[in-house]
Each structure stands twice: as structure tokens, then as C-alpha cells.
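Please read the points below with the structure open beside them.

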Amino acid sequence: MEIRPILSALMRSKTGAILVAVQVAISLAILANALYIVNVRQAVAARPTGVAAENDIFYVNVQNMDRGGHQRQLAEQKRQAALLRALPGAMSVAQTSQAVLSRSGNITSVSAKRGQATPSAEVSTYFSPDSLLKTYGLQLVEGRDFRPDEVPEIDDDVDDTYPKVLILTRLAAQKIWPGETSFVGKTLYKGTGDNDPELRVVGIVERLQTQGAQVKPRGEYSALLPARLTGRRDSLMYAVRAEPGQRDRLMQEAAQAIRTSTTDRLLVTTDTLEQHRQERYRADRGLSWMLIAVSTLLLLVTASGIVGIASLWVTQRRKQIGVRRALGARRVDILRYFLTENFMISSVGVACGVLLALGLNQLLVSQLEMARLPPGYLLAGALVFWLLGVGAVYGPAWRAASISPATATRST
């Protein structure tokens, strides 16, 4: 089929063709970037925390209104932990200062050298007198777990003692000592002051997300520190790993056991790591669904626009179609004419859309620190709109091809 007659016809109806091309360009630019954002957000929400069996982990939070002094608090912590360990179905229990993905906890500055002007990293600090490695099932890639003699008992009200050892995640260690491959035995410092505590690395775990689970690598800048803390803490938290399938039952039994084990006034609540994940990524899921809905609406609006313009052209060209049919044009020729015409318009829109998508992505990169749009999304978007154009115009094109020559030539 010759392209010149199609171009000639389009030049006489420029407005409709331009509108369709602009619609395709804008829709492609938005669709490609929206789907990329959705994919990035879904990948972020699916990141592993480092915990071996997330669905088996839950937390028991205990707030004691009659907590007493240092020694009484120590005794209560040990008693409650022993009580939880004795429950049927409890595989491991560890007292912890904060929960993974909970969006609540502490971050501490650490330095590779004493007296640095700026810290080497900001790490999320998990204090525990027990083995979080065991309870969480963390993957130890270098070194060892803490020994019992390395766990100080610290009264936050009067004691400025700090742990002497710590375990880091691999990413945190690489941030503190760039270019190094082995970290056990290295020394770092809490803060940047000349008298800040010194800590020695005794182990490296592959991964443990922070309580905030930031999007970039700092979301895995975590440190485990051995300590049993008392003082002005609002509540105690115990991480419990249940046997597979026993979590929900054990949660109820754990809370009831803590409440009935003492006459103290206690506020006991439970939640799960799964709930923390849901809450942490609620906004990401909402954004993803919103962008999917917007993309779907764009596709429907674009398809409707193509159908409307094609139907208008068929109506306007009924007499021309009839003349062509009377001169021997087959139905397939008429059908191919409209499909080719729409493909040309869509191609112009796709070309402009690719440029517009790159410009929009550059804006997102500069303002929101997003990564650059991979070429695959542009290719996929171009293919979608080419197919959409062909599919949307097929109905009007088939009606045009079905026009009777006699009927068409009698129309005015």
C-alpha cells in the first residue's frame, strides 16, 4: 500500500491526527514512568528483612506500672523471658529494644576513628541480653554470637556503661570501612567525641533491616549490642519465634501468661512482624494501586479517543470508501488503509511519548532521587500503544470495510 495517499488524507484532517498523537504521547510518558514507580515500590516492599521466618515472629510488649528499682526490673525481665520460653510452641525468645520495620526505635552515630568530624554511618541499634541471631534466624557470615559474659546489666538512670562489643550487618560494616572484606576484630566508636565508648566487632550478619527500613542501603545499617537495660524505659519488648503454624495461638497464650503471672499492674499487647511490614509499606501499596488505576484509565481514555476519531473519519469518508469499493477495492484493502493510517499516527505519538517519558523521568530523578527509567519500559510502552491503536481502530475500520458500494455512493 502506498503511504502518500494516507499522508495526503491526514494533511486534510490534521486536527484529529494531532489530537490522537498528543494523547498517545502523554499517555505513554505517564504510563512508562508510573509502571516503573510501581515496580520499584513493589520491589522495595518485598525486600527481605534478614529474619528467617517472618510469619512466625511476634512481639510481646509489657508496660509495668509498678516496675520498681534496678534489681527488681532485672528480676522481672528474666522471669518474664523464662515464662515465655516455657510456653509450648515457643522456639526462641529474645528481649529486644526495638522491632524490625516498626518505625520506632533508636539510631546511633558510629565512627571508624575517634574524634572524626563526621560519623562514618548512622546505625539502628538493637539492644538485647539474649540471642537475636537465634530468635530471628539471622545469617552469620563472619565471627560469632555474643557470650553471656559480654552482656552488661545497665541502669539507664544512673549508669553510663556501654557494651564493649557489637555485631554489624554487612552493609553497615562496608559503609564504615569502605573497600574492606573482613571486619571481625575491628574497632569503632559511638559518636564523634574524643571520649565516646569504644566497641569491637565480633560478628557480621548478612542482613537485618532497621526499624525504618529506608529505601536505600541505609535501610540495612543495623547493629546488635548485648545489654540488659533498666531504668526509665516505658516498656519491655520480647521477640518470640513460634513453631510454624503456632504463632496466633501462642500470641494469645503469651499475653495471658504474662498478665496472670504477677499482681503488678501490667499493660500487655502483642503484634507481629507481618503487621509491621504491612504498616511500613501501606503507603507504598496505596501509591502503587493509585498509579495502576491512573494507568488503566489512561489506556481506556486513549483507546476511546482513537475509536472516536476513527469512527468520525469513517463517517466523513463513506462516499470515498464507496467509490473505492466500486472501483474494485476489496474489504481487506479498506481495512488495511485504516489500520496503516492509525499505525502512522500512533508511531508519531510513540516517538514523542518516548522523549516526553525521558524528560519526565529526568524530573523525577532530580527531584525525588529516583533511578533512571530503564529502556525496557519505553519499549514495552511503545508496544502497548501500537497494539492499543490497532485494537481500538479495528472496529471502525471493519465497519468501513463492510460498507456497500451502492449505499456509500448514494449517501450525501
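How are H2 and H11 oriented to each other?

1. The model is a predicted one. Helix H2 (residues 14-45) packs with helix H11 (residues 375-401) at an angle of about 135°, and their axes are 9 Å apart. Angles over 145 degrees would count as roughly antiparallel, and those from 65 to 115 as roughly perpendicular. H2 and H11 are therefore oblique to each other. Their crossing is right-handed.

2. On the H2 side, the contact is made by Val24, Ser27, Leu28, Leu31, Ala32, Leu35, Tyr36 and Asn39. H11 contributes Tyr377, Leu378, Gly381, Ala382, Val384 and Phe385. Of the residues in this contact, eleven are nonpolar, three are polar and none is charged.

3. The count of aromatic pairs is four. One of them joins Phe127 and Tyr162 edge-to-face, with 6.0 Å from centre to centre and 85° between the planes. Phe127 belongs to strand E4 (residues 121-128), and Tyr162 to the loop between strand E6 (153-155) and strand E7 (165-169), so the pair ties together parts 35 residues apart in sequence. Both Phe127 and Tyr162 are buried.

4. Phe343 and Trp386 form a stacked aromatic pair, at 5.8 Å centre to centre and 25° between the planes. This pair links distant parts of the chain, 43 residues apart: Phe343 is in helix H10 (residues 331-368) and Trp386 is in helix H11.

5. Are Phe343 and Trp386 buried, partly exposed or exposed? Phe343 has a relative accessibility of 40%, so Phe343 counts as partly exposed. Trp386, at 30%, is partly exposed as well.

Note on methods. Residues numbered from 1 in each chain as written. Predicted model: local features only at pLDDT ≥ 70, side-chain atom pairs only at ≥ 80, totals over all residues. Heavy atoms only, no water. Axes fitted to C-alpha atoms, helices over the stretch in contact; angles between N-to-C directions. Helix = DSSP H or I, 4+ residues; strand = E, 2+ residues; numbered from the N terminus. Parallel < 35°, antiparallel > 145°, perpendicular 65-115°, else oblique. Left-handed = near helix turned anticlockwise from the far one by under 90°. Contact = heavy atoms within 4.5 Å. Nonpolar A, V, L, I, M, F, W, Y, C, P; charged D, E, K, R; others polar. Phe/Tyr/Trp six-rings, centres within 6.5 Å; stacked < 30°, edge-to-face > 60°. Buried < 20%, exposed > 50% of the residue type's maximum accessible area, 1.4 Å probe, protein only.
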